[in-house]
Amino acid sequence: MNSDLQEFADVVRAHQDAVYGLALATVRDPDDAADIAQEAFVRLWRRRDEVAAKAHRPWLMKVTRNLCLDHLRRRTRDLRRMGPHDPEALDRVPAPADPESILPDDFDRALGALSPRARSLVSLHYGQGFKLDEIAAMLGMTTGAVKVALHRARRTLRQSLAPARTLAGHGQENGS
Amino acid sequence: MTPDDRHDMEPLRRVKAPAGFTDRVLAACAADDASRRTPFHRRPAALWRAAGLGLAAVLAVLMLTGRVRSPGERPQASTAPSVVPEKDLQQARRQLGWTLAVTTGVIDRSSDRALRDIFDHRLPDAINRSLHQTFDPNRKGRS
């Protein structure tokens, strides 16, 4: 392995969980998420001389998010070919219920109630710890728009997770 | 964000890349490097230009030496001597030399051994042989 690649291995190790986590939360399929995360790193490898080390993570996040949305768009196009035209299909892509998903089932289902864009925002903020203004700068949005989108996403998630939380509460009560 | 929300989002922070992911990425990067080392990835425009120039040179020589006849043109008598004057032949050779020099220059920059071999040796040799055969005074005429 050449020295460039050895150095790059450290970059991959430093960011792989964040990149994969974002991809998984957005596309909700472990295999697709791994492919997308890999593609993001290969693109960084090609541009390793242009992207500064401190910009690696935001750059990877932006590329990963775009790759995820492209992937879902392609899948939506395939679905459209099979069914009637639906212009809002992208935001309601039926995410595959993958038993190998490393996200807990109830959380994965709750994520499925969000649009892919909202899922990526939730992952960037709550999963990877990016601040609102960092996300806004990364994605070319206003901080207010990110805040509103996250607020709506959190409300939807809360509603989706409420039955599971209630069941868990019952389980605890029954167990005690 | 409420404590419940914070608890709800916990799975997002626990996600880990699959086992062997780093090796998989590094292998993909190495493969990407290898695929981009081919001339068509590095200088596709230069290669197409080189191929075009080479083809144009070959066609020019063939036209000048009368090996390609325009439609409707009757073949010359089998014993007729070549009608291409020596002056035109010299000019064609100069043009061919110039074209090949340009082509070789482009290919040199793209550092592709296989193509350099074709344009430096094989193609000039083939054209030289073809010219020798065409103007060989001992050769019998074409049918």
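1. Asp17(A) is partly exposed, at a relative accessible area of 24%. (Buried means under 20% relative accessible area, exposed over 50%, and partly exposed in between, with a 1.4 Å probe and protein chains only.) Asp17(A) forms a salt bridge with Lys16(B), with the closest N and O atoms 3.8 Å apart. A salt bridge here is a side-chain nitrogen of Lys or Arg within 4 Å of a carboxyl oxygen of Asp or Glu. Lys16(B) sits in the loop between helix H2 (10-14) and H3 of chain B, and Asp17(A) in helix H1 of chain A, so the pair joins two chains. Helices (H or I, at least four residues) and strands (E, at least two) are DSSP runs, numbered from the N terminus.

2. A note on the basis. This is a predicted model, where local features need pLDDT of at least 70 and side-chain atom pairs count only at pLDDT 80 or more, while totals for chains, interfaces and linings use all residues. Residues are numbered from 1 along each chain as its sequence is written, chains are lettered from A and ligands numbered from 1 in the order in which they are written, and side-chain values use heavy atoms, with hydrogens and water left out.

3. The interface. Contact (heavy atoms within 4.5 Å) links 34 residues of chain A with 24 residues of chain B. The two chains bury about 2600 Å² between them, 66% of it on carbon and sulfur atoms. Asp17(A), Gln38(A) and Tyr126(A) supply 20% of the area that chain A buries against chain B, more than any other three residues. Buried area is the accessible area (1.4 Å probe) that two parts lose on being put together, summed over both.

4. Charge pairs across the interface. The rule finds three salt bridges between chain A and chain B. One of them joins the side chains of Arg46(A) and Asp32(B), at 2.8 Å from N to O.

5. The chain A side. Helix H1 (3-27), helix H2 (30-46), helix H5 (116-127) and helix H7 (143-175) of chain A each supply at least two residues of the side that touches chain B. H1(A) gives the most, with 11 residues.

6. Salt bridges within chain A. The whole structure holds 10 salt bridges over all chains. Asp10(A) pairs with Arg13(A), the closest N and O atoms being 3.1 Å apart. These two are three residues apart in helix H1 of chain A, so about one helical turn separates them. Asp10(A) is partly exposed at 48% relative accessible area, and Arg13(A) is partly exposed at 47%. Asp70(A) and Arg73(A) also meet in a salt bridge (2.9 Å, N to O). They are three residues apart in helix H3 of chain A, again about one helical turn.

7. The core. A nonpolar core is a set of buried Ala, Val, Leu, Ile, Met, Phe, Trp, Tyr and Cys residues joined through side-chain atoms within 4.5 Å. The largest has 58 residues, of which Phe8(A), Tyr20(A), Phe41(A), Met61(A), Val122(A) and Leu124(A) touch the most other members. H1(A) provides the largest share of this core, 13 residues. Leaving aside neighbours within four places in sequence, Met61(A) is in contact with residues including Ala18(A), Leu22(A), Leu124(A) and Met138(A).

8. Ser123(A). This residue lies in helix H5 of chain A. Ser123(A) is buried, with a relative accessible area of 1%. Beyond neighbours within four places in sequence, Ser123(A) is in contact with Gly21(A), Leu22(A), Ala25(A), Gln128(A) and Leu12(B).
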